[in-house]
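Colleague: I would like to learn how to read a fold. Could we go feature by feature?

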Amino acid sequence: MNFLSRLGAVAAAFLFTLGPLTLGKALAASENYQLGLQAPVTPVMERIDWFHDILLWIITLITIFVLVLLLYVMWRFSEKRNPTPSKTTHNLGLELAWTVIPVLILIGIAFPSFRLLYFSDQVQDADITVKAIGRQWYWSYEYPDHGNFTFDAYMVADEDLEPGQPRLLTTDEALVLPVDTNIRFIITASDVLHNFAMPQFGLKTDAVPGRINETWAYVPAEYAGQTFYGQCSELCGTGHSYMPVMVQMVSKAEFAAWTEKAREEYARVDDPAAEPALAGEPETVAETVKVAAASSAATTSE
Ligand SMILES: [Cu+2]
């Protein structure tokens with residue numbers, strides 16, 4: 001028992017040393033020799049961080065327990081100390097215990113896990129909606145609530161990087177988003193599977209052609225002016241590692257000014273001046289049938 005408690009103390013010391021190393025880090029993507037997850041920014045990522053730490057404790061304790069048990073068995077029941085082994089094959093109490101206790105541990109893990117899953121799934125009251133479309137190999141963004149403009153964001157090549165810009169993460173156009181706002185992300189793809197992943201926001205959502213996926217983020221006001229980075233996280237072809245997501249968080253006022261400018265600068269998703277798609281086509285069902293019949297009669301008479 002003395003050995004057990006000492007081992008526990010060593011494990012605890014190890015975890016407490018790791019803790020401060022990962023906390024209070026500068027908020028800029030990942031860093032060299034970083035341990036642990038990137039610093040959380042959104043409530044979802046804070047909870048993921050917490051859940052990760054709890055799980056780390058649970059698996060550490062279980063692993064230590066099994067290791068100690070194995071070492072004890074090797075020592076106590078070696079041929080030297082236990083020359084005539086017992087022929088016992090069943091022990092009801094023990095078998096019940098090693099079935100029921102793991103089940104209880106798993107149930108204990110399942111409850112916070114599901115609560116977190118539903119919390120991260122969708123936001124009840126979204127203030128704005130932004131659409132991200134994965135393409136080979138860049139992202140397109142649409143702002144349907146602010147004039148329905150759209151733009152593409154390509155990775156900046158190594159030779160074009162400015163000092164301080166992280167390589168493989170910087171894009172020519174940033175996904176500009178307001179702080180202190182519930183942002184709903186609508187995510188899809190136009191060619192193959194991609195994945196919209198922002199580690200510090202706790203986002204990792206598949207971008208599937210022909211399908212809309214939803215996720216959300218809330219970034220507190222203190223992060224205004226900061227840039228966050230993510231990457232496509234679904235193997236989507238040779239350019240997979242060259243389609244990063246660069247998010248620029250701005251204040252609400254700056255966001256309003258930016259959308260004002262962006263409306264002028266970027267193309268609209270739908271052109272309001274364009275003719276309706278069906279213009280010139282027959283207007284009524286009866287007319288459609290008549291046209292179809294005429295054209296089929298023309299084909300058969302030939
Ligand atoms: Cu991709």
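Colleague: Which residue stands opposite Val245 in β10?

Modeller: First, some ground rules. This is a predicted model, where local features need pLDDT of at least 70, side-chain atom pairs count only at pLDDT 80 or more, and totals for chains, interfaces and linings use all residues. Residues are numbered from 1 along each chain as its sequence is written. Now the general idea: strands of a sheet pair through backbone hydrogen bonds, either parallel or antiparallel. Here Gly230 stands opposite Val245 in β10. β9 and β10 pair in the antiparallel sense over four bridges. Strands (E, at least two residues) and helices (H or I, at least four) are DSSP runs, numbered from the N terminus. Two strands pair if DSSP finds at least two bridges between them.

Colleague: Which way do β4 and β10 run, parallel or antiparallel?

Modeller: β4 (residues 175-178) and β10 (residues 245-250) run parallel, joined by four bridges. Leu177 has Met249 as its bridge partner in β10.

Colleague: In what order do the six strands of the open sheet come?

Modeller: The order is β8-β5-β1-β2-β3-β11, with mixed pairing. β8 and β11 (267-268) are the edge strands, since each pairs on one side only. Inside this sheet, β1 (residues 128-135) and β2 (residues 138-143) run antiparallel over five bridges. Ile133 has Ser140 as its bridge partner in β2.

Colleague: Which members of the largest nonpolar core touch the most other members?

Modeller: In soluble globular proteins, nonpolar side chains tend to be buried together. A nonpolar core is a set of buried Ala, Val, Leu, Ile, Met, Phe, Trp, Tyr and Cys residues joined through C-beta atoms within 7 Å. A residue is buried if 20 or more other C-beta atoms lie within 10 Å of its own, exposed if 12 or fewer, and partly exposed in between; C-beta atoms are placed from the backbone. The largest core here has 38 residues, and Ala132, Trp139, Phe185, Val245 and Val247 touch the most other members. At least three of its residues come from each of domain 1 (2-81) and domain 2 (128-268). Those bounds come from an automatic or database domain assignment.

Colleague: What does Val245 touch, leaving out residues up to four places away in sequence?

Modeller: Contact requires C-beta atoms, placed from the backbone, within 7 Å. Val245 touches Trp139, Leu175, Phe196, Met198, Tyr229, Gly230 and Gln231.

Colleague: How many residues does α2 have, and how far does α2 reach?

Modeller: The expected span is 1.5 Å times one less than the number of residues. α2 has 34 residues and reaches 49 Å from first C-alpha to last, close to the expected 50 Å. Its buried residues are Val44, Met45 and Ile48. Their cover includes α3 (92-121).

Colleague: Why does α4 lie largely in the open?

Modeller: Of its 14 residues, the number buried is one, so α4 lies largely in the open.

Colleague: Which peptide bond is cis?

Modeller: Most residues other than glycine have a negative phi, and most peptide bonds are trans. A cis peptide bond joins Gln136 and Trp137, with omega about -5°. Trp137 lies in the loop between β1 and β2.

Colleague: What is the phi of Asn148?

Modeller: Asn148 has a positive phi of about 55°, although it is not a glycine. Asn148 sits in the loop between β2 and β3 (149-153). Leu168, also not a glycine, has a positive phi of about 70°. Leu168 is in the loop between β3 and β4.

Key: Two residues are in contact if their C-beta atoms, placed from the backbone, lie within 7 Å.
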